[in-house]
Amino acid sequence: MESLIVSRKWSCEYCTYENWPATKKCVLCRAPKPPQFIDEDVPVEQDIYKMAPLVYPEGMGPCSSHSTSFTIQQSAHDTGKKWTCQTCTYLNWPKATKCIQCLTQRPRSAATVSPTQPLSVDVNIAGSGTFSNSSPEAAKAINNDKNRAVAAGIKSAQMQPNKWPCRTCTYENWMLSLKCVLCGMPRLRQDNVSARPSSSEKERSPVAENELNRAGGVLASKRRSPASSTHNLNDSIEHVNTGGAMASPSIYQQHICPEFSKNVRVSKKDDRRLRQFRNRMRDLDWLWLNACQGVVDGDTHGVEAYLAAGGEPTRQITQNESDLLSRPSAFTPGHTLIHLAIRFHREDILASLLAAPEAVSKARKRVPSYMAPDIAAEIMRDISRAVRQRKGDFPCYFLTDYSTFALPADIEDLPNEVRKQLFEELLDDNAQKELEDDEPVINWSSEITDRLGSRLYPLWNRTAGDCLLDSVLQASWGIMDRDNTLRRALADSMNEGAMLFYRRWKETESIEAQMLNFSLEESQCEHDWGILLSLASQPGASLEQVHIFALAHILRRPIIVYGIKYVKSYHGDNIGLARFQGVYLPLFWEQSFCWRNPIALGYTRGHFSALVPMEVDVLGNIGAQANISNNDDEDDVPVAYLPLVDSDGKVLPIHFLQSSEIGHEQSLLRDWLDCLFTEGGLLVAKQRLTNAPILLRQMIDEWLQRYRSLARVVKSASVVASSCMSAAGPLSSDEDTDDE
C-alpha cells in the first residue's frame, strides 16, 4: 500500500519535489500541478480506474474551442450506467451533464459503463485497426491529439506571464526578480528574451510541442550544478574572514565567467582597464560591490557581510566600480549605500545603515593588520619563508629575520580628539585597566614612562586561544598569526626538540613540587607533557609557560612577560596563582646566535597582549641621560627601556633555570640583555627600535592615513568655527573701525 501511495505522487516540473496527489500546488516552490495525460507507453492492460485524471491549474479550464453544446436525452434506464468523457476519459455518473473533472459537455451518444463491472480491454483490438466509437481504446486514440492540443494551449498560457528559468535549478522566476528565489543565482540578460515565446515556437505543431514538453520534463527533473570555475570561485569567496558572512558571487560571475561577459559590449581599452581594476581589488572591495548590488536587489545579506567585515557605510561608488557593476542607471558614481537605499525605497536596509556607525564603532577595533590586510598577508608570507630548522642536537625551528614594532611618533601630532579615537580603536582597554589600575604591573614608574619616554601600550588582539601567538607577532611584526604559521613552528619545535625542552620543564616542575612538599611521578610528568604537546598543535588551544620558552627559541630573542600575580574571579576573589610574569631566555642557543633585543608581553586573566612603546625623537632622546656604564655603538637608534623589576623592586624571575643557575639571575640577564641602571636605581633592559622593514612601514602608514584624514577634517572644522566666532565677536577698543 505504501508503494502505491508513493507511486501516485506527482513530481514538480520546477524543483522536482514529490508532492501528494491531493495538492494542487508544489509545497516547496508553489508551482501549479502539471496536467497528467494518458501516456502512450503505458500497457493497455492497465486498469482505467488507476489512470490519473486530468487536473488543470487553478483558475484555468479546458480549451473552450473543443466543447460544443448538445441536447442531452436521458432515459430512466441510464441511471445505473456511467458515461466516458471524450477529453479526459473520466467515468461520470449518468445524471452528470458535464464531466466533473474537465467540465466538458456530455456528448450525444456517450458510452456508458456499468459501475459494478470493471472495463475489460481486448489486447487484440489494436491489430484490427478499427475501433468502436464507444470503446476506451477509441477514446484513447481520439483524445491523444486533443491532449496534445490542450498541452500546447496550457504551455503557451503558462509562458504568457513572462517568467525566466534559472539555469542552475530550472525554477521559473518572475520577470521582476533579478535572481532566482530558490537558489540565489543571478539572472542572465538573455533570459529576458528567452522568457518570451519566439515566432518559431508559436508556429510549432502540437505534436512537436508535446515532444518538447516531455523532453523538458526530463531535463527539469535533473538538477544542474554550476560551472566548475564558478563553484571554485564561490569556495574561495566563502574563505574570506568577514565574521561569519559570505559575499554574493554575482559580481564575480558577471565579470569572470565568459557567459556573463559576452553580452557586455565594451571596447578593448575599457575591458583592459576593468581587468586591471579587478586584479587590484581586495576582498573588502568585492564585499562592497555585493553590498551595493544587495541594496538594489533588496538583499540584506550582502550589506550585513560588508559591515561585518569592517566596511564603511559612507563609502562612495567610484567610476570604475560603476562600470564593473554594468548598471550605470542604478549605480551612480559618488553615491553611498544610504543613497541607494533611499532611491530604491529599502527602509529596512536604510535603518541598519543609519544605526551601523553608532553600534559598530564602539566595538570595532582598527589595528594596522586589519586596515591593511594585503600588506599584512605579504608580511606573513615573508615570515613563512624565513622559518628554518637548525641541524644538530637541537633541531628547533627559528626565524632568520627579526623586527620590533613600535607606535609611530606621528601620533603625538594628531589632535586630541583624533588621538583619543586612535587609542580606543587600537588598544585593549580591559588589559590596560588590569595592568595599570588594578595592579601596578606596567607604567608604574614615572621615571621610565615620563622621563625616559618608555610608556607601554597593550595592543588589542583576538580573544581566542591564539592570543599568545598573536601578541608575539604583534610585538615584533605588527600582525597576527591568522594562518597558524607560528603555531606550526611551535608544535614542530617542541616535538623535534622534546628531549631538551622536556628535561628543563620536568626539572622546573620538580623544584616547584618540592617547594609545596610533594613529589611528581614519571608517569604523571609524561602525561602532562603529552598534553602540552597536543596543545601546541591545536589551533585555538591555550598555551602555557613552556610554550613561551619555546617561542623565545624560535624568535631567537628574550621575551619579557609582565603579568598579574593572582588570577581573580569575576567577583574579584583570588582563585589561583599566575606564574607567567618573568623573563624567558633562549638558553639552548648560543648567545652569538641570538638577538639581545627583547619583546614585551602583558598577561591578564587568561589573555596575552603585546606591549609596545612609542617611537621618540632621536635628537631629543631623554634616555641618553640615564646612568649607563657601557658604550653604545647605535646612538642614533631610538631606544625604549623595559623594567626588569616589579613595582616592589624585586627582580623578575627567569623561567626554566636549572639548579646550578638559580641565584645567578642578574648575571644571566646581563649576558642575554643590554641592561643598565637608571638614576633612580631601577634595573632596565634596552629595546632598540631599529628601522622597520619596508612592508611594516607601509602597513603603519596606510593605517595612520585614516587618522590623518580625520585630523584634517577636525582642523578645518576648528578653523571655520574660530572664524565664525571672530566674525560674531565684539570689536576691539584699541583701534578705530571705519564705521567709527
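I looked up the sheet first: five strands form an open sheet in the order S10-S16-S15-S11-S14, with mixed pairing. Strands here are DSSP runs (E, at least two residues; helices are H or I, at least four), numbered from the N terminus. I took two strands as paired if DSSP finds at least two bridges between them. The edges are S10 (457-458) and S14 (582-584), each pairing on one side only.

This is a predicted model, where local features need pLDDT of at least 70, side-chain atom pairs count only at pLDDT 80 or more, and totals for chains, interfaces and linings use all residues. Residues are numbered from 1 along each chain as its sequence is written, and side-chain values use heavy atoms, with hydrogens and water left out.

Val 561 has Leu 601 in S15 as its bridge partner.

I then looked for what covers the sheet. Helix H19 (residues 429-438) lies across S10, S11, S15 and S16 (607-612), at about 90 degrees to S15. The angle is between N-to-C directions (0 to 180 degrees), with axes fitted to C-alpha atoms, for helices over the stretch in contact; contact means heavy atoms within 4.5 Å.

For the whole protein I noted 27 helices and 19 strands. Of its 740 residues, 43% are buried (under 20% relative accessible area; exposed is over 50%, partly exposed in between; 1.4 Å probe, protein chains only).

Last, I searched for disulfides (cysteine sulfur atoms within 2.5 Å) and found zero. Cys 102 has its nearest cysteine sulfur, that of Cys 85, 3.5 Å away. Cys 102 counts as buried because its relative accessibility is 1%.
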